[in-house]
Every structure is written in C-alpha cells, then in structure tokens.
Amino acid sequence: MKSSRTLTIGELADRFGLATHVLRHWEGMGLLAPERDGGGQRRYGETDLVRVALILMGKEAGFGLRELRTLLGTDNPMDHPELLRRHVTVLEDRIARAAAAKELIEHALACPLPFDECPHARERILARIPAR
C-alpha cells in the first residue's frame with residue numbers, strides 16, 4: 001500500500017462495504033481523523049485504510065466503539081491490558097453460552113422425543129425458570 005492516492009468518503013465506504021454515515025460517525029467518535037482537501041472534503045489515505053480495517057476487526061471481536069477509541073488511542077493497543085483481559089472474560093462467557101445453546105440444539109435434533117417431552121430439554125427448561 002505505497003500509493004499516495006487518497007480516497008473520497010464514498011470511495012472508502014465502498015471499498016469496505018460501509019455506508020458513508022458510518023465513517024462520519026467514527027470520525028465524530030474520534031476513531032478516524034481524515035485529512036481535508038482545499039474544499040474541505042475528507043480525503044482518506046493508507047493509514048485510514050489500516051485504521052478502518054482495525055476498527056472492523058475490533059468490532060468483529062466484540063469491542064464497542066468507546067473501547068476501540070481507547071485501544072486505538074495509543075500507538076500500541078497492548079498499552080491497555082486490563083481492558084483486553086476484561087474483554088477476554090466477556091468472550092469466554094459468550095463462548096460458553098453459545099456452546100451450551102449449540103449442545104441443546106444438537107440434542108434436540110438427535111432426540112426422538114418431542115422437545116417438550118425430552119428429559120434433557122425439560123431439565124434445561126426447568127433450570128431456566130427463576131426461583132421465587
């Protein structure tokens with residue numbers, strides 16, 4: 001990516017499959033800071049391409065925009081180990097809940113009984129009802 005060509009907001013949005021308002025919102029949140037041309041139009045360079053890719057990767061990892069602003073606000077996201085450790089805990093919880101949901105669905109698919117008659121499903125249903 002050694003080109004000096006810059007992109008308009010529309011070109012950058014198209015390249016990543018985003019709406020232009022998303023890029024404007026990220027700019028408003030302090031995640032992007034594009035250069036401006038003589039007419040005041042946003043111009044995005046190679047560092048902005050990398051930045052958008054990092055934002056998208058962070059969002060895919062489940063980070064919120066405020067967390068990403070913190071992580072990307074320094075030269076090294078590893079400057080925020082406490083935030084990263086907390087997020088690992090959040091991800092571990094999501095993974096455990098997703099694995100339990102997957103196991104229930106796989107059991108339901110394999111069980112010859114109707115779902116509401118299956119002892120395994122009934123056990124899970126009863127466990128989900130809060131105590132008084």
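I take a nonpolar core to be a set of buried Ala, Val, Leu, Ile, Met, Phe, Trp, Tyr and Cys residues joined through side-chain atoms within 4.5 Å, where buried means under 20% relative accessible area, exposed over 50% and partly exposed in between (1.4 Å probe, protein chains only). This is a predicted model, in which local features need pLDDT of at least 70 and side-chain atom pairs count only at pLDDT 80 or more, while totals for chains, interfaces and linings use all residues. I number residues from 1 along each chain as its sequence is written, and side-chain values use heavy atoms, with hydrogens and water left out.

Entry on the core. I looked up the largest nonpolar core and found 21 residues, with L23, W26, L31 and V52 having the most contacts inside it. At least two of its residues come from each of α1 (9–16), α2 (20–28), α3 (46–60) and α4 (65–72), helices being DSSP runs of H or I of at least four residues, and strands runs of E of at least two, numbered from the N terminus.

Entry on two leucines. Neighbours within four places in sequence aside, L23 is in contact (heavy atoms within 4.5 Å) with I9, L12, A13, L18, L32, Y44 and V52. L32 lies in the loop between α2 and β1 (35–36) and is buried, at a relative accessible area of 5%. Not counting residues up to four places away in sequence, L32 touches L23, W26, E27, Y44, D48, R51, V52 and I55.

Entry on α3 and α4. I find that R51, L54, I55, G58 and K59 in α3 meet L65, L68 and L72 in α4.
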